[in-house]
Amino acid sequence: MKRLNVQLEEQMLQQLKLVAVLEHKSVAAVLREAAGTYLATKKDLKQQVAEVMYADDASFDAAMNESFAKFGSVYKKLAE
């Protein structure tokens, strides 16, 4: 497990502490359970990440092509 520092509103923290006491768990255990439940609703998360990364690659390629079109002669002189 990894540690994580999180800032919460005071009211939210108090509610989490109350839930933890009522369920005989630590606040960390309540947060882990909540995070796991939330992530379970994100079934297409890997697909979304892949789409974002592919879009970023396409944007990068487009920017590079535009750069070469505008500054190709400069790059060539720098390479010499």
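## Report on the predicted model

With a relative accessible area of 47%, Gln15 is partly exposed. The residue belongs to helix 1, and the model in which it is described here is a predicted one. Gln15 and Val27 stand twelve residues apart in sequence, and their C-alpha atoms are 9.9 Å apart in space.

**Confidence**

The average pLDDT of the protein is 88, and 98% of the residues score at least 70. Among the elements, helix 1 (residues 10-22) has the highest mean pLDDT, 97, whereas helix 3 has the lowest, 81.

**Loop between helix 1 and helix 2**

His24 is placed in the loop that joins helix 1 to helix 2 (27-40). Although His24 is not a glycine, its phi is positive, at about 55°. His24 counts as exposed because its relative accessibility, 75%, is over the 50% cut-off.

Lys2 lies in the segment before helix 1. This lysine is exposed, with a relative accessible area of 81%. Lys2 and Lys43 are 41 residues apart along the chain, and 23 Å separates their C-alpha atoms.

Lys2 is also one of the residues that line the largest pocket. That pocket has a volume of about 330 Å³. Its lining consists of Met1, Lys2, Arg3, Leu4, Asn5, Val6, Leu8, Ala28, Leu31 and Arg32. Sorted by class, six of the lining residues are nonpolar, one is polar and three are charged.

**Helix 3**

Helix 3 spans residues 45-79, and Ser67 lies in it. Ser67 is buried because its relative accessible area of 17% falls under the 20% cut-off. Leaving aside residues up to four places away in sequence, Ser67 touches Gly72 and Tyr75.

Tyr75 also takes part in an aromatic pair. The count of such pairs comes to one. Its members are Phe68 and Tyr75, with ring centres 5.5 Å apart and 85° between the planes. The pair is edge-to-face because an angle of 85° is over 60 degrees. Phe68 is partly exposed, at 46% relative accessibility, and Tyr75 is likewise partly exposed, with a relative accessible area of 33%.

Asp57 also has its place in helix 3. Asp57 and Ala69 are twelve residues apart in sequence, with 18 Å between their C-alpha atoms.

**Accessibility of the residues discussed**

The table gathers the values for individual residues.

| Residue | Relative accessible area | Class |
|---|---|---|
| Lys2 | 81% | exposed |
| Gln15 | 47% | partly exposed |
| His24 | 75% | exposed |
| Ser67 | 17% | buried |
| Phe68 | 46% | partly exposed |
| Tyr75 | 33% | partly exposed |

**C-alpha separations**

Gln15 and Val27 are separated by twelve residues in sequence and by 9.9 Å in space. For Asp57 and Ala69, the sequence separation is twelve residues and the spatial distance is 18 Å. Gln15 is located in helix 1, while Asp57 is located in helix 3.

Terms used. Residues numbered from 1 in each chain as written. Predicted model: local features only at pLDDT ≥ 70, side-chain atom pairs only at ≥ 80, totals over all residues. Heavy atoms only, no water. 1 Å grid on protein atoms, 1.4 Å probe; cavity = no way out; pocket = protein on both sides within 12 Å on 5 of 7 lines; lining within 4 Å. Points joined across faces, edges and corners; volume = space filled by probe spheres on them. Nonpolar A, V, L, I, M, F, W, Y, C, P; charged D, E, K, R; others polar. Helix = DSSP H or I, 4+ residues; strand = E, 2+ residues; numbered from the N terminus. Buried < 20%, exposed > 50% of the residue type's maximum accessible area, 1.4 Å probe, protein only. Contact = heavy atoms within 4.5 Å. pLDDT = per-residue confidence, 0-100. Phe/Tyr/Trp six-rings, centres within 6.5 Å; stacked < 30°, edge-to-face > 60°.
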